[in-house]
Structures are given as structure tokens and as C-alpha cells.
Protein chains: 2
Amino acid sequence: MPQLRLALAQVDPTLGDLAGNAALVREWAAKARDAGAHLVAFPEMVLTGYPVEDLALRTSFVDASRVALERLAADLAADGLGDLPVVVGYLDRADADGDNVADVDRLGVPKGSPQNAAAVLVGGRVVARYAKHHLPNYGVFDEFRIFVPGRDLTVVRVRDVDVAIAICEDLWQEGGPVAQTRAAGAELLLVLNGSPYETDKDDVRRDLVTRRAAEAGCALAYVNMVGGQDDLVFDGDSIVVSAGGDVLGRARQFSQALLVVDLDLPHDPAHATASDATRPVDGVRRVTVSAEPVAPYSPDPAYLTPASVAEPLDGEAEVYEALVVGLRDYVRKNGMRSCVVALSGGIDSALVAAIAVDAVGPENVVGISMPSKYSSEHSKDDAADLAKRTGLDYRVVPIAPMVQAFLDSVHLTGVAEENLQARVRGVVLMGVSNQEGHLCLTTGNKSELSVGYSTIYGDSVGGFNPLKDVPKTLVWALSRWRNADAVRRGETPPIPDASITKAPSAELRPGQTDQDSLPPYDLLDQLLERYVEGAHGRSELLADGFDAATIDSVVTMVDRAEWKRRQSAPGPKISPVAFGRDRRLPITSRWREDES
Amino acid sequence: MPQLRLALAQVDPTLGDLAGNAALVREWAAKARDAGAHLVAFPEMVLTGYPVEDLALRTSFVDASRVALERLAADLAADGLGDLPVVVGYLDRADADGDNVADVDRLGVPKGSPQNAAAVLVGGRVVARYAKHHLPNYGVFDEFRIFVPGRDLTVVRVRDVDVAIAICEDLWQEGGPVAQTRAAGAELLLVLNGSPYETDKDDVRRDLVTRRAAEAGCALAYVNMVGGQDDLVFDGDSIVVSAGGDVLGRARQFSQALLVVDLDLPHDPAHATASDATRPVDGVRRVTVSAEPVAPYSPDPAYLTPASVAEPLDGEAEVYEALVVGLRDYVRKNGMRSCVVALSGGIDSALVAAIAVDAVGPENVVGISMPSKYSSEHSKDDAADLAKRTGLDYRVVPIAPMVQAFLDSVHLTGVAEENLQARVRGVVLMGVSNQEGHLCLTTGNKSELSVGYSTIYGDSVGGFNPLKDVPKTLVWALSRWRNADAVRRGETPPIPDASITKAPSAELRPGQTDQDSLPPYDLLDQLLERYVEGAHGRSELLADGFDAATIDSVVTMVDRAEWKRRQSAPGPKISPVAFGRDRRLPITSRWREDES
């Protein structure tokens, strides 16, 4: 029974940084070598970062990715890593002769047929390539737009083990590369992923890899990237399972990690004669990297189950870390260092401040309290208390003089006057952002974004919104969790209790509370989950148990706020359907669910 | 040689307004009957409006479209139009048995398999259906995301003429329904379209229909919608050509129109025996609506070439009308009546004001001049002059007191102080918009949006941007054209000459001009066309003849402004690649063309 020490490099590439990402691969390949690995694999498109979107249609970028791959192969050899097979994802172009391109009759991908590809680098050269077969084209994914699919499975023999390679969506679809893996008699299916985080996706993934390992008839190794990219966060959660579905290794979520697993891989019955020449399987390309099996060795206890099996994070811990990583990477990868946020004393801005402090450190967070004549004393106190608890750079700028200057020049009353206050705060905040070079954070939660409960160009100003996909009820839960976690660690809870327990209010007029214009948040969030994420129509919502008046009022608010959402800042996706490219609706639409 | 009087109803539906669109079909079907037509056709998805985007994934909406179609058939019969075959586009669901669904192995369209469909309504019933085969999934189109393609061609026999039906992209692709039309021996290919306007697309369309008519071996009728839908404008330009490529009729662009053409259609040699039973062709569904030919009649001179052939608009006239229609429909279809725009005295705001006045009337346009201490006298004069020329509602709100109020509270200098002025104007403008209920227009042209030459939440505030896809050089050309057109019509030119001829300046600091920070606009626009629309990389741009320093500086500006564009207002697409869903790039990206 051949042995193999497999390393999965769960790393955080930066989109478009070919040189930096190549350096990252070299660094982690060296770690794999130091750990005694016989094979190391990196995530989907690690060399370019992911998702590249329409950069795939830019010839110069595709060329640069191909050149960077060849250079990486040479550099790895120069680093003394030429004997270690390194599997990396990158951006390629389908061969001019149409080789390894699935039937693309109905696809209109222009300009040089880009492919989402993987390569095996050995001895200073690219020895094998694979192009993703199944292209996701739903949710946040537009891969039919930018890639042509591959057709052939690639199986590389490494130390007498036949390793099939697949990429991300290939694993989520029945048949295809998984079935080809079984047909080819491969002994390990290695899957490179750029699989974005969603709440509880780790459980789904665990079930999926187990099922597909059984279908492929062999062990399965799943390597995913970590880190933030605009409105996506990759959580890692790389995992290795045996053909029988036992978890042999699992990496901690949201951190770079080298997952090393010692595998005992029973030979497939077909193996003995399997080779390019002797056992052709339709649609399978075979490349022998090394036929010599590994000399029998005693597995390192550090890499044995359960030592290498990390527990996935639970509930709020997982979401909170996704938000921190999403913000940290947005700041860092865009060449910034610090953030500014408006502190109202309310729960949304308190949670955002806590996330920002955890992401970039309190010394890099400016919090500005901008009280108006409608701001309660407790709001000002709560903002100051938050600042004290977290140690961020706290400032107070009362807005009355600016608001009055506008009212002296323009006749504004009612909602227009309420919006004015929010916009004056936005101008102050962006002023400080421009003057001092901080990323401006906006704090509207998903419930508010859904129903349009915000002032456009007011409290919505900012380059990034950590709460964009976080419903209000989860805002409270995350705040409680973060405070409790601090207590567990013997630290000061960052968020004032009063911010968590008081009734939410925009404080734009005397005595205002959110519930003047909205249903209670627990009811609202349940309805929004079904309407926004479930795309339930009115009759389904009625069947879900909501009353007609609430449905009609909420659905109308959601539909009418589309124009505001179209101009909103990006923020980390944590739900099955986030606002943005996950949910594409017309602004101009007279469709109302109550017509159905 | 059978005759047929064909009517194409080039109408302007409203997205989601199933009842209103059905009423529109009934109204124009009656006009077709009054014109003596034997067959009338409406655009792609006329019943739902187009593009519906992810509304296609909402079960309630698909159901409502199907119900509305059946009701429309019955209502047409009740209107006394049951004898007139009416062809309409709508949203359907693929049959549960998988009938008429192309191989969708690689498509992941969820929830009830929506289809972009056409139906033939006769005698109060739906007598034939067709589902679009070729789904566009590039540019602004995401049809693989939301539709499953059809497989069978539908041929209806109307008054002894075999009419094949196809939808939009079916015509742009080789083979498929066009080839099936020839194989089926059809005598007229009727194509329903939702084909958005781009500059000079009319010429492309003319060539295309001629070529495809030859390939199909029969006459071809192309009916397109008109009107605006968010960032798309449909220009109509419906056209009928003979099998030999002669233009038999063409509708005026940008207006609702009934194009009526008297056709003499030579029978296909296969015709005599062609029927469901006698001549099965693989993948063709035949339905006989009426086998009896039309009794010979003398064509109406009004419908004879060249009476029914409108000249397509030329150059600036065409673009200007696209912008007017795009704005007018955005206002009207969103239930608004009026606009507010900031008047700086510069050319962008002057052109936007002229477009707004043409779109909704001067009585529905508020123009606000907001001079600062850096505003020149000529700027104030030019703004006032524009107001006088157009008759819009003109107001002056000096911003110095508001700006000073901020400077008294927050330390802002340099660019932060420049941005402050723009943002104070934004607050005033949105205040008036909220107080009085006007749509706020923003005026940043495509050149500015490209290089980020604007203040986010400042001059960029607004719900709609008529110039979003208009480069600065075209802004000048359109302004000159609009003035000259006024002179031709004996009217007052709306735009002050000084606004056209003076050097452009943001006037945010003393003596500032755009050319302090940007290359000359004619050079800039040429470079942007190749980089933004052509996706040229650095080496291609060098080969295009631009110097390295200009390329590097402009490309860097464009790349760094992605985050601002992500929050920008929609505006009418007029170029091959508009900003928005036409060009999808990551915000976070370290890719720089000078690395290639």
C-alpha cells in the first residue's frame, strides 16, 4: 500500500499580484518540503488571485499569467524545490488547436479563450496542465462569461500514486471529473478551490467531499484559499478524506496554514498496468512524474488524525472572523492602513468599530461621534464608552453649526431635514478620510439595506461595509458573542451593554425609533431571509406564515430601495444571497408581488 | 406568389408591468388590424419588459407571465382580434418533461428552468410557442444565468405562408435557428428582439439581417423594442428585408411605430407538401394557423418601398436621442416627473440640462447654480444664460457659508478641501431633490468616470447620469450639434457658446483647469477607447501609438477609480463597453499593465 505525504497550502493570494503570489507559492512550497511532503497543492488560480472577473478577457493579463507560471517553475527549481511536485491554479488560454476544450458551441467567450487552469510544476518545468470542466455561472459567479471549459482529465503519477486533478465546481457537479477519476483508476483526487465563505458552508463541504470521495472511489484532498477579495471572503477549511469518508486532516478556517497528511493509498485494481501506453481511458491524459514509490516510512505523529484535524468554527465565531478577515484584507490589499467610522452610540457602529479594531488595531481606527440636537445623552456616552473600551482614536464633532448653515440657505423639512443631518455627517467623515488617508467604513446592516432604511450619501458613505450582509438580529448576536468572547479571554468587552440593549433609533428626530417605520427586527429578518435569499413570492410568503400587510409593506420597501443598493459599498458576503452581484435586479421595475 | 401584410409593432414596454404591457399589445394589435395586417409581431419579452435579470428566477414572476399570456390571448379575442395572429415575447418555464430544452448539462439554472420565449396568439388561445436557442452571456447580458435554451424551431403556417420564429441572439449566431429555417423551407423568418442601442449598431444590424436572410433563404423581419430600461436604451430600428437583401421597410429609431410591409413571398420549393404530417424536419415543430392564402390584393402605396423605409439617424443626432429617451423613460417608468441638476456653467452640466429639458420639459427641470469663492464670474453668467435659453427653473445657492461651517469644525486642506466644496453642493442638491421630489441628475462624463476625476458623494450624487457613457470629446460634439439643430429649426440654441469654447475646469481652487492633471481630452479619449472598450494591454497601447508615460499615468488612474465607479449612478449605454455590468473588474487588484 503506497504511502504519500501530501501538503495542502491554504494561502491568501492578492488579486493581480503575479510576482507576489509566485513568491507566496515558493515560500509555502519550501515549508512543504521542510515538512517532508512528497506533493504540495495550492488553491484555484493562486497565481492570479480569484475571482479575476473580466481581467480574464485582457490578453495582456492572460499572457502575464502564463509567463509567470513558467518563471515560477524555474524559480522553484532554483530554490532547490525541483523534486517536489507543486500543483498551482493559474489563468491560461486554450490551445490554439482547440485541444482540451469542451464543446463551446453556445459559449461566446471572446479573445483567446481564457481557461481556469491548474498546472503541475516539476524540475523547473510545467509537466502537466488541467482546465476546469464545470464553470459556475450562478450567484456571484460569471465563469461562462470569461472562461471556456476543459474536456480532458489530467492524471499525474507521483511516487507510484495516480493523482487526478480537478478544480472547485468540478467537485460540486455530478459526473464529469469525479466520474472520470473513478474510470481512470486514480488513487487520489486533488481539488483546487476558490470557494467563498457562507455561513455553515463548512458542514456542506464536509458532506460533499465525503460523497464525492465515494463516487471517485479514492481519497480526496480539497485545498481552498483564505482571505478577502472585495465582497468575498475565502475561509480555507481545506480537508482530506479517505475513500471511505474518514476525515484525515482539516485546516483551521480563515488562517494561512499548511495541512500535512500522511496517506496510505491502496492501489486501484487497474493500477499495475495503468500508464499512458497501456491503459488509455477516453478523455484522460496521463503524465508520469515519478514511478518509484516512497520507501516505507513511519508517519509523523504530528500529521496523524486527529492531530491534523482542526475543528471548524461555530456560529457567531465563524461569521465574526469572516468579517474581520474581509475587512483586514480589503484594507491591506488596497494599500491602506487605517479606517475611520462614525460612532452613533448605536449597535451597528459599535460592532463595526470592534471589527475594525480587531482587523487593523485600535491605533489605526478613528471613531468620530457627530451628535446633533436630536442625539440623546446616552448615545454620546455610549460612543465615548466604546472608544474607551477599544482604545481607538476618538473625536467629537457636533454637527449643529453645519446643519444650520444649510437650513439658512435651503428650505428643508421632514425627511429632507432628517437626511440633511446624515449627509452632514457623511461630509465630515469623508473629509477626515480624505485629509488623513483612512478607509471610510459604512455601517448599514443587511436589514437596513434591504428596506432602504438609510440616507444615500449620508450614513451610507464609505468604501467598505463590514455589515452589508449581516441582518440586524445577527448584529446583536455577534455583539453579544464578541463581548462574551472577551470575557472568556479575560479582556474588556469592546461593546457597551447599553448599545446592545437599547431600542434602535436613527435619532434624526425627537423620540424616533426604528420600529416607528419597520416591523420588529426578528420578524423583519425572517421575512427578508425568505424574500431576499429565498426569492419567495407573495403566496409563498403567506404560506410561510407572514401576514399580508407585513409582506406587502416590506416587499415594497425592498423593491423600491434597489437604486440605493446599486450605489452601496461592497462588504463581505456571509449569506447564500448577498446584495450585489449575487442578486441582480432591475432598478426600474413595476413588478409587485401583490399582483401575482 | 402568396401575399402577406406584415406589421411589426415597435413598442416601449415597462419592465414588470404585465398588465400595462398586455394593454400595450392590445392597443397596437388593434392598430395592426386597422392597417389590414395579416400578422403582427412584438419585441422579445414585450409582456414582461426586458431584461428582467434575476426576476426570471422568481417563481411568482414566471407564473404571472404565463398567466398574463393566456389572459392576453383571451382579451385579444374579446377585442375582436382573434383572427389576427399576434406574436409576442414573454417569460416562460421549460416544460416539466424537459421537452424543447437543449442540452443543459453544464448550466446550473435553478428553480423551474425559466425560458426566454415567444408565443403565437390566435382565436383566444396560445397556439404555438418557441424558446430562444442562443443565450447571450457577454457584455451586459447574463442569459446563461437565468434561462435554459430551447432546442426546437417553431414554424407557423399563416395564410399559406410558413413563418419561422426566432429571438434576438438566435440571429447573431451562425447556424441554429437560421439554418433550421432554411432546412424547414420557411418563407419568412420573424425575429423578436430586445437589442440595446450602441453607436452605429444600426449599420451592423442592416448587414446582419441581409446576410441571415440569404442564409435562411427567405425574407426576414426584425422587430425591436424602443425605450429606456436602467442603463440600456432600445432604439427600435425594426427592419424587413427580402430573401435577396432588399430593405422593404424600416422603422424610425427611438419612437414607437407600427411598421407595415406588403410582402410577396415566393413559395419554397418544398412548400407544397410541407406540413406536420407530410414533411417532418428534425427539430422543427409545425403549427397551421391558416392554410388559406390571402386573396390577391393591391399593396397600399403607403406601405410600399421607399414609403416605409425610414432613414436611420446619423452621428450625434442618434446619440442625443438615445440620451433623451434613456432619461425620459427612467423618470417616467420610475413614477417621477421632474429632475434637478447642478449648473456649474461648464459644458457637462449644460448638456445634461439641455437633455433634461428635451426629455421632461423645462417646467420640470430645476437647475441650481452653487457658486463658491473659486467660481469665476463667467461661470455664474454662463449658468444663468443656460437657464434663460432653456426656460428651466433656475436657482442660486452660494455655498460659502456651508463650506465655512465645515472648515470651522474640521481641519481640511488641499484635495480634502476641494472635495468638501463638491460635497456641500451634493448635500444641497439632494436636499432639494428630497424636499421637492425631483430625480437628481449627476453629470460626470465617461472620461471623468474613467480616470476618477470627480468627488464621490460630491458631484457624483444622483440617481441617473445621462453622460455616464459619453466621452468628453463627444460631450462637446453633442453640444455643438444640439445648438446647430436648434438653429436649423429656428429655435434658440440651449447651450451658451462660452460653455462650449472655454477651457474645462472643476473650479475647486484658483486657476484650476482639467488639463493640470489630465492629458488633453482628445488624446485621453482615444487612449480610453482602446483601454476601456478595447481592453488593450500596455504593449498594444504602445503599438497604438501612445507614449509610455501617458499610458502608465492614465491606466493607473483608470484602475484606481474602480471603487468610485462601483458606487456610481446608472446611465444610458451608447458605446460597445459601458461602465457597469458591461465591464466587471475587481476593485482590489494589484495588476498593473506596466508589469506585462
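The model is a predicted one, in which local features require pLDDT of at least 70 and side-chain atom pairs count only at pLDDT 80 or more, whereas totals for chains, interfaces and linings use all residues. Residues are numbered from 1 along each chain as its sequence is written, chains are lettered from A and ligands numbered from 1 in the order in which they are written, and side-chain values use heavy atoms, with hydrogens and water left out.

Five of the five residues of S17(B) are buried, so this strand is largely enclosed by the rest of the structure. S17(B) belongs to an open sheet of four strands with the order S18-S17-S16-S19 (chain B) and parallel pairing, and the edge strands, each of which pairs on one side only, are strand S18 (393-396) and strand S19 (439-440) of chain B. Two strands are taken to pair if DSSP finds at least two bridges between them; helices (H or I, at least four residues) and strands (E, at least two) are themselves DSSP runs, numbered from the N terminus. Strand S16 (residues 339-342) and strand S17 (residues 365-369) of chain B are joined in the parallel sense over four bridges; B:Val340 has B:Val366 as its bridge partner in S17(B), and B:Val341 has B:Gly367.

Chain A contains 18 helices and 19 strands. Its radius of gyration is 26 Å, close to the 25 Å that the globule rule gives for 596 residues, so chain A is as compact as a globular protein of that length; the radius is taken over C-alpha atoms, and the rule is 2.2 Å times the number of residues to the power 0.38. Buried residues account for 64% of the 596 residues in chain A. Of the contacts (heavy atoms within 4.5 Å) in chain A between residues at least 6 apart in sequence, 76% join residues at least 24 apart.

Within chain A, A:Ser450 is located in helix H12 (residues 446-451) and is buried, with a relative accessible area of 1%. When residues up to four places away in sequence are not counted, A:Ser450 touches A:Leu528, A:Val532, A:Met557, A:Val558, A:Ala561, A:Arg565 and A:Phe579.

How values were computed: Buried means under 20% relative accessible area, exposed over 50%, partly exposed in between (1.4 Å probe, protein chains only).
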